[in-house]
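This briefing is intended for a reader who is meeting the structure for the first time. Please keep the sequence and the model at hand while reading the points below.

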Amino acid sequence: MAETLGMVTGVLTLLPLCRDGLAMIKGVFDAPRTLQLAVARVEFQQDRFDEWREIWRNEDGEQDMKFELYAKSDPVSARKVHRQLALMALALFDTHAFEEQFGMKPQRFPDREPKDLTRFRLKDGENLTLETQGTFLERCKINMSIIKRCKFLFRHRDEGYNKLIDLLKHNIEELVTLGPKFELDRVRKGECDKLRKMDMEELRGRAEAAAYEARHTPPGVSIGDVYHNISLAAKFSIVVRYQRQHAAYKFTMRDFRLDPAYALSSTESSTMALLFDYPAKKENRVVLIEWVDDMERYAEKDTRDKTLILSTPKPGQLLLPTCYGMVEDTANRRFGLVLAPPAHIRANLPSIMPTGAISQKRMPVSLKELLEKEHPACQQMLELGARFRLAKKLVDAVHMMHSVGWIHKNIRSNSILFFPAPNIPSSGVPVGPASGYPQPIGYELPLFTGLFNPRIDDILEEVSDTKEYRSAFSEAEIYRSVDPRQQRSKLAKDFEQTLDYYQHPDKRWNPTIRYSRSHDIYSLGCLLLEIGLWEPLETLVEIEDDDFERVKRGFQALTMKLDR
């Protein structure tokens, strides 16, 4: 009991001490104004540490107070937390290692000599005890006060200071694996949430830092994929919110083979097509085209912007298709986004392409069709595990969209597409859609479509004493109102939006109010309810009812069925 209490006391002291130490090291690297990557790397790890530390905040908002309960329930893991924090403190405050190991030479130590931390033999496998813990913590605090007042010279030739950041990164990587599993999932989401609050320069720094960590992570280590995805997400957020190229690739209608049989039955605005001579001469691709029936100037600009955004590399977790370019169909007065299906659908086509070459083997099916049991491969309710996995993928995707500044505005069952599952590759057989009847569906790779309505999740800021607001990231004249919570004047044409039961009641009964992330989340909630029950909501509740309270009670009653 005394050992546990001492360990908890040590952790509660080490948590804020290490946080202050990370801020201190960031300041040390920032002082020369020439180590921007090092500063970005420390700031990245500092944010990861902060997100992990949040899991110990109790219901009253007090930081770190939940750790004691965790230590009692899992003392082995709690001891690992204690050791990693001690090692992290050693890396942060061992001034002798700064020069000997990390190439950081102090010009001089002011007033007093720093304390020796090697006597605690932490690197040799020793742990802090009740007898040594207090002295160690006191020496760390003394050294921190000295380091804050000292200037350092850096040996740029060997960049030994990167070894210090690597050491801190290793400590934090170990820490973020320790804690209640559900809470650790929140940590990973919190790392993405940080992106939404960053400006362009901060996003660039995060992208560079995460890319560096990904490149220097050994192959096969899962954390490398995490770093890579954060780097992609930061770069994608820059394109969404701030900076895009001016020119988008524009196809002509002669580049495609279209056929009425290629149209998607779940939506009138999408069709499959065969794209000739792409990406090289005599190579063809199967593509998905989303149309908007509008030829006004805003439609062309919107299509070009979305082409540039969706053509940017992005995390697969977003479940957004890549865009090859745009196409203008003057005969039918519409613009289209040319989107890429999964690799096994779009490539490895037969060398001879007769009319109707895009067979049902490559056609997608919408979630709405599956819920209505219109597909031969899904005549019964999808098994529970598959529904859970699908729901989690969609939730994670919407969370990532909002983190990078993208609001979908059209989340519904007919905007979620599934393509046929890939075959099992064998000798001489290229990867393609699986055969058989009924053809298996690729539930593991849903795609969000319905992409003509999304907008930038811009941050609103005051621009005058009259409390007028403007968008920080989009053109000021497009969205402007007295208050962001009130309806906005619409100077740019909005594309037609279906205001049905997937839309938040506030939006349905006042279409002029500004669309927000909470509206997306409401739509996602309706979608999750349908997945849980595996039936369209319109068949279960009177969704056209004008009485919101009655509709809400109907939805709430449906959620109770999920407990059965």
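Asp-30 is partly exposed, with a relative accessible area of 28%. Its side chain meets that of Arg-33 in a salt bridge, with 3.3 Å from N to O, and Arg-33 is exposed at 61% relative accessibility. The model described here is predicted. The points that follow treat its salt bridges, cysteines, sheet and helices in turn.

**Salt bridges**

- Across the whole structure, a search finds 32 salt bridges.
- Glu-191 and Arg-48 form one of these contacts through their side chains, at 2.9 Å from N to O. Because Glu-191 belongs to helix H8 (residues 181-196) and Arg-48 to helix H2 (residues 36-53), the pair ties together parts that are 143 residues apart in sequence.
- Both partners of that pair are placed away from the surface: Glu-191 is buried, with a relative accessible area of 6%, and Arg-48 is buried as well, with a relative accessible area of 3%.
- A salt bridge also joins the side chains of Arg-244 and Asp-305, at 4.0 Å from N to O. It links distant parts of the chain, 61 residues apart: Arg-244 is in the loop between helix H10 (222-241) and strand S3 (250-251), whereas Asp-305 is in helix H11 (residues 297-310).
- In this second pair, Arg-244 is partly exposed at 25% relative accessibility, while Asp-305 is buried at 16%.

**Cysteines**

- The structure holds 0 disulfides.
- For Cys-140, the closest cysteine sulfur is that of Cys-18, and the separation of 7.9 Å is too far for a bond.
- Cys-140 is buried, with a relative accessible area of 0%. Cys-526 is also buried, at 3% relative accessibility.

**The sheet**

- An open sheet with mixed pairing is formed by 6 strands, in the order S3-S7-S8-S6-S5-S4. Strands S3 and S4 (256-257) stand at the edges with a single partner strand each, so one side of each is left without a neighbour in the sheet.
- Strand S7 (residues 323-329) and strand S8 (residues 334-339) pair in the antiparallel sense over 6 bridges. Within this pairing, Val-327 has Gly-336 of S8 as its bridge partner.
- Strand S5 (residues 270-275) runs antiparallel to S6, to which 6 bridges join it. Here Ala-273 stands opposite Val-287 of S6.
- S6 also pairs with S8 in the antiparallel sense, over 5 bridges, and Ile-289 stands opposite Val-338 in S8.
- S6 is largely enclosed by the rest of the structure, because 8 of its 8 residues are buried.
- Both faces of S6 are covered. Arg-285, Val-287, Ile-289 and Trp-291 are buried on one side, and Val-286, Leu-288, Glu-290 and Val-292 are buried on the other.
- Helix H11 lies across S3, strand S6 (285-292), S7 and S8, and runs at about 5° to S8.

**Helices**

- Two packed helices are described by the angle between their axes and the distance between the axes.
- The axes of helix H1 (residues 2-30) and helix H4 (residues 75-93) come within 9 Å and cross at roughly 35°. The crossing of H1 and H4 is left-handed.
- Residues making this contact include Met-7, Val-11, Leu-14 and Cys-18 on the H1 side, and Ala-78, Val-81, Leu-85 and Met-88 on the H4 side.
- In H8, the buried residues are Glu-183, Leu-184, Val-187, Gly-190, Glu-191, Cys-192 and Leu-195. Among the elements that cover them are H2, helix H9 (200-215), H10 and helix H14 (384-404).
- Asp-225 has its place in helix H10 and is exposed, at 52% relative accessibility.

How values were computed. Residues numbered from 1 in each chain as written. Predicted model: local features only at pLDDT ≥ 70, side-chain atom pairs only at ≥ 80, totals over all residues. Heavy atoms only, no water. Buried < 20%, exposed > 50% of the residue type's maximum accessible area, 1.4 Å probe, protein only. Helix = DSSP H or I, 4+ residues; strand = E, 2+ residues; numbered from the N terminus. Disulfide = S-S within 2.5 Å. Pairing = 2+ DSSP bridges. Contact = heavy atoms within 4.5 Å. Axes fitted to C-alpha atoms, helices over the stretch in contact; angles between N-to-C directions. Left-handed = near helix turned anticlockwise from the far one by under 90°.
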